[in-house]
Amino acid sequence: MGKTLAEKIIDAHLVSGEPIPGREIGLRIDQTLTQDATGTMAYLEFESMGIPRVRTERSVAYVDHNTLQSGFENADDHRYLASVAAKYGIWYSRPGNGICHQVHYERFGIPGKTLIGSDSHTPTGGGLGMLAIGAGGMDVAVAMAGGAYHLPMPRIIEVRLTGALRPNVSAKDVILEVLRRLTVKGGVGAIIEYTGEGVKTLSVPERCTITNMGAELGATSSIFPSDEITKEFLAAEDRLGDYRPMKADADAVYSETVEINLSELVPLAACPHSPDRVVPVSELAGKRVDQVAIGSCTNSSLSDMTKAASVLRGKVIADHVSLGISPGSRQVLTMMTEQGLLNDFIDAGARILECTCGPCIGMGFSPNSGGVSLRTFNRNFLGRSGTKDAEVYLVSPETAAASAITGVITDPTTLPPIEKPKLPKRFRINDSGIIPPLSEEEAKEAEVVRGPNIKPFPKGNPLEKELTVPVLLKVEDNITTDHIMPAGSKILPYRSNIPKISEFCFSVIDETFPRRALESGGGIIVGGENYGQGSSREHAALAPRYLGIRIVIAKSFARIHAANLVNAGILPLVFIDPADYDWVEQGMTVTIHDIRESLEKGTFDLKAAGRMIPLKAELAPRQKEILLAGGLLEYAAAR
């Protein structure tokens, strides 16, 4: 029986476990990446291990999130990141050099390698044929120290592509169609592997758009084969030596197959407030638009910018529309300038924003109150834009540009067709924004610089034997990490200060939660299906842990968040009967006896209002030991 591409890479990097779906495996990690909103904490965690230098082939620290320097906090974090990177053997991408995922596949990604990153959209690298996985900062820190990355062996879902995209239909429409079919829960516990003749019609940037938004499926990763298209891209980046052809065997067996005829796709849009609320753009046509944003790690490549500029060329945006353009990297911005695309945007009335995540995480360019914003981004969760009552739609660059001109949501296939951009034979390469680390000898004398907002990582405590605590919060299905630990310009600067950022925990849902948690001395949280979907931010586990949360009970958990809870020393439990969710109410006091013994068995009894509710822990033996130790860092330190 043949192997899938993902299975081949896993086999080549397997250090523990059996690659049987659902069983825990340990993988050797070749590369890591961090961004500044999660990286500061990841490097504080790495420093706590006492390892003198990273042990990966390549680790890169990017600054792309907290670039709004309205106070000293972000600038201090950047200085810390630059100094810690230089000392410990990590490459450093300066503020303004670009979004981590765009820069990484341009300058560092290698087919067949493993990559984990402290950002949920790390699977972008799968567009190059990497096995790229989003993870919590602690897992990244352990990988930098030479440890394996542990996860349940995913099942492999095949998405077989046939045909070719019609003019003005985009790779964004491909992944929106996958989301329409599979939903935000459809990829949980799976790797999405793209196959078929249609793959050959997609460029590397288009493939990366698709793998980037695989995170919205809840997928562990997404991956394309490494082929002649990959080879041409790496040659244009002057990295032909990194090319390696890789594909699945012809007789590979998949757990499920989804077939998509690219020729039949139409422009699609994800409606507020979930990436899987997908409908044809034609059904929304005519709806007034207040704001349009083109960029993010999903759609900020040179080809994306070229398509948007082609639609806007010679035209002016509607009077009531605000248009923002965020190039994905310095390389993209430079080539936009050389090719005249920047003039097309400026002449059309656009605002040119920095080469960062920016509006995608509510870091500037928020919509007006009650505004309708069309964004080429990957998430449209409630309040993520920075404006809680905004309506955010996720669309392709072609749809975004067309709608900016007309002032209403517009199907781009109703406009004259634009020619598919051809990638240059050679990109204009300028790595001045990337600083290599110091040599091992130089690093011995180097100092790490810490500002007053950088607080030590809070220590964890071993799991209690028994808990009698209140249910502090009960939430519905599909609660995201943006609900638990919001982003935005007011909150992100405190990512290196757990006591301070904890004041904002669950503020989108209940502003009283942090105060009530501290006053009660802790408690539990109860959630519905897919609890913790969204980003990899470990702060969504670290902040509740700081507030005294030791247990979260849900109908089901998103993969990364469940791992982050364990790493933080919080026990994630699942209702054996989902109907029991209805019996547990916010405010009631509950008891769990014999926690340590129950952890060993994997089953628990929750006493609530005179009723015994059975629960289970879906944990690997290693995760149980982590919880008993009080968290991953305590577990690692003991070894």
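T4 is buried, at a relative accessible area of 0%, where buried means under 20% with a 1.4 Å probe and protein chains only. The residue sits in the segment before α1 (5–13); helices here are DSSP runs of H or I with at least four residues, numbered from the N terminus. Setting aside residues up to four places away in sequence, T4 touches I156, E193, A248, A252, V253 and Y254, with contact meaning heavy atoms within 4.5 Å.

A word on the source: this is a predicted model, so local features need pLDDT of at least 70 and side-chain atom pairs 80 or more, while totals for chains, interfaces and linings use all residues. Numbering runs from 1 along each chain as its sequence is written, and side-chain values use heavy atoms, without hydrogens and water.

Now for the cores. The largest nonpolar core has 107 residues, and F506, F513, Y531 and L571 have the most contacts inside it; such a core is a set of buried Ala, Val, Leu, Ile, Met, Phe, Trp, Tyr and Cys residues joined through side-chain atoms within 4.5 Å. Helix α5 (residues 137–144) supplies the largest share of this core, 6 residues. Beyond its neighbours within four places in sequence, Y531 is in contact with residues including V475, I479, F506, V552 and H561. Another core, of 56 residues, lies apart from the largest one and has Y62, Y243, L312 and V372 among its members.

Finally, look at α2 and α3. In α2, D36, G39, T40, Y43, L44, F46 and E47 meet D77, H78, Y80, L81, V84 and Y88 of α3.

Note on methods:
Buried < 20%, exposed > 50% of the residue type's maximum accessible area, 1.4 Å probe, protein only. Helix = DSSP H or I, 4+ residues; strand = E, 2+ residues; numbered from the N terminus.
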